Amino acid sequence: MSSASGSRVVVTGATGNVGTSVVRVLSEDPDIASVRGLARRKPGWSPPKTEWSAVDVSSEQAGLAAEFEGADAVIHLAWAFQPTHDPATTWRTNVLGSMRVFDAVAAARVPVLVHASSVGAYSPGPKDHAVDESWPTHGWPDAAYTREKAYLERALDTFERDHPGIRVVRMRPAFLFKRESASEQRRIFGGRFLPGPLARPELLPFLPDIPGLRVQALHTDDGARAYRLALRHEVRGAFNLAADPPLDARVLGEMLGARTVRLPRGAARSAIAAAWGLHLLPASPHLFDAVLRLPLMDCTRAHTELGWRPERTATEVVQEFLEGLQHGEGADTEPMRGRKVG
């Protein structure tokens with residue numbers, strides 16, 4: 001069967017949007033003997049077969065090799081989206097912290113490393129057809145998120161060359177949402193004072209139709225199932241993960257019953273840049289630039305080699321997320337605290 005039979009799995013970034021889903025899915029798998037979740041702060045939540053360690057991957061004293069000792073696989077999810085005004089800080093966690101994880105995997109002789117890459121690692125690409133995993137991964141250089149994801153792709157290229165005995169899998173999901181992540185993602189991208197209850201279709205006067213704004217989404221639990229399948233199957237390399245249909249103003253307008261109004265890219269970017277410059281909006285205009293250029297992903301490889309298909313459509317994912325925003329949904333971990341505002 002699988003290399004994960006009776007296995008011990010360590011998950012970094014285990015208390016965030018993706019981490020909570022991955023830990024839960026693994027804890028429910030009878031072939032997984034134990035799960036160790038690493039996070040900066042231990043949560044109140046504790047599913048079966050799971051133990052926690054308070055670890056900050058950005059710290060040189062993290063002691064990651066000791067945490068990985070005896071593990072059959074490490075799933076690396078730890079990531080910091082903020083502060084967007086201080087890219088050196090996110091670089092320390094996301095890039096230098098990830099490289100510490102990779103080095104510790106090698107030092108502890110862990111046979112499997114599953115890394116959370118992203119659609120954001122891809123170079124600009126088409127919006128009218130999907131690309132497979134061979135599309136270049138140079139990101140968009142002006143946005144910290146895409147720059148860091150792309151840099152780590154190169155770091156993993158070197159890691160695989162130097163450690164051919166370690167099976168490395170790179171997950172490249174679309175934007176991940178679930179009901180419980182609503183409050184966290186509102187704070188990360190919309191700001192802590194954006195009222196969640198305002199996320200109601202009937203309150204939207206119109207939806208801006210911005211040229212190039214066509215993206216893919218995925219339910220976080222569906223993404224977590226792909227991570228589990230990557231442990232079960234002897235696969236290597238990258239896997240695109242996304243649900244249909246691609247989301248644009250037309251699809252969202254039909255879903256929400258809202259009319260669309262064409263808005264030039266320049267006007268939208270200027271508004272975002274002004275709000276970001278005044279520290280009113282956490283999401284940077286550089287990320288907006290990157291999103292406009294992201295390619296659509298073909299997920300055939302995940303379907304055929306992992307036997308994976310999402311259980312929810314992209315529109316169902318958005319609907320669930322909006323309901324979570326309205327009700328201030330969250331979870332019993334520090335990053336996922338539920339709040340309607342503040």
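**Charged pairs and their surroundings**

With a relative accessible area of 36%, D157 is partly exposed, a class that lies between buried (under 20%) and exposed (over 50%), using a 1.4 Å probe and protein chains only. Before going on, please keep in mind that this is a predicted model, where local features need pLDDT of at least 70 and side-chain atom pairs pLDDT 80 or more, while totals for chains, interfaces and linings use all residues. Numbering runs from 1 along each chain as its sequence is written, and side-chain values use heavy atoms, with hydrogens and water left out.

D157 forms a salt bridge with R170, and their closest N and O atoms are 2.8 Å apart; the term asks for a side-chain nitrogen of Lys or Arg within 4 Å of a carboxyl oxygen of Asp or Glu. Because D157 sits in helix 4 and R170 in strand 7, this pair ties together parts that are 13 residues apart in sequence. Helices (H or I, at least four residues) and strands (E, at least two) are DSSP runs, numbered from the N terminus.

R170 counts as buried, at 5% relative accessibility. R170 also meets the side chain of E160 in a salt bridge, at 2.5 Å from N to O. E160 is in helix 4 too, so this second pair links strand 7 to helix 4 across 10 residues of sequence. E160 is partly exposed, at 24%. The structure holds 24 salt bridges.

Helix 4 itself spans residues 144-162. Its 19 residues reach 27 Å from the first C-alpha to the last, close to the expected 27 Å, a value given by 1.5 Å times one less than the number of residues.

D289 forms a salt bridge with R269, with 2.8 Å between the closest N and O atoms. D289 lies in helix 9 and R269 in helix 8 (residues 265-277), so the pair joins parts 20 residues apart in sequence. D289 is buried, at 10%, whereas R269 is partly exposed, at 26%.

Finally, the nonpolar side. The largest nonpolar core has 82 residues, and V11, F68, I75 and M171 have the most contacts inside it; such a core is a set of buried Ala, Val, Leu, Ile, Met, Phe, Trp, Tyr and Cys residues joined through side-chain atoms within 4.5 Å. Helix 6 (residues 220-232) gives this core its largest share, six residues. Apart from it lies another core, of five residues, including I210, A268, I272 and F288.
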